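Please look over the sequence and the model below before reading the notes that accompany them.

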Amino acid sequence: RIKDMEEIAKKFEGVEDAYAFEAGREIRVIVNPGKLDDIETTIIAKKIKEEIDSKLIVPGIVRVTAIREFRATEPKE
């Protein structure tokens, strides 16, 4: 079930990686900040949850956390 959850999440455009844990009750999704903005990240998390709920039997509630992080570092002179 955990691998299935990860595969469902990874098929969405803009998703770079996904990690399911807590016996498949939680999944963290890493998105590419260059492809998705904040609103799109929220929408993709909802779509992933809906697809997991429709395709997999998971006891309890599945929590989807989408992480979008942008970092810029300048070299110290």
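## Basis of the model

This is a predicted model, in which local features need pLDDT of at least 70 and side-chain atom pairs count only at pLDDT 80 or more, while totals for chains, interfaces and linings use all residues. Residues are numbered from 1 along each chain as its sequence is written, and side-chain values use heavy atoms, with hydrogens and water left out.

## The hairpin

Strand S1 (residues 15-21) pairs with strand S2 (residues 26-31) in the antiparallel sense over 6 bridges; strands are DSSP runs of E with at least two residues, helices are runs of H or I with at least four, and both are numbered from the N terminus, while pairing requires that DSSP finds at least two bridges between two strands. Within this pair, Ala 18 stands opposite Val 29 in S2.

The hairpin has 4 residues between the strands. Glu 22, in the loop between S1 and S2, has a phi near 55 degrees, a positive value in a residue other than glycine, and Ala 23 likewise has a positive phi near 55 degrees. Glu 22 counts as partly exposed because its relative accessibility is 46%, where buried means under 20%, exposed over 50% and partly exposed in between (1.4 Å probe, protein chains only).
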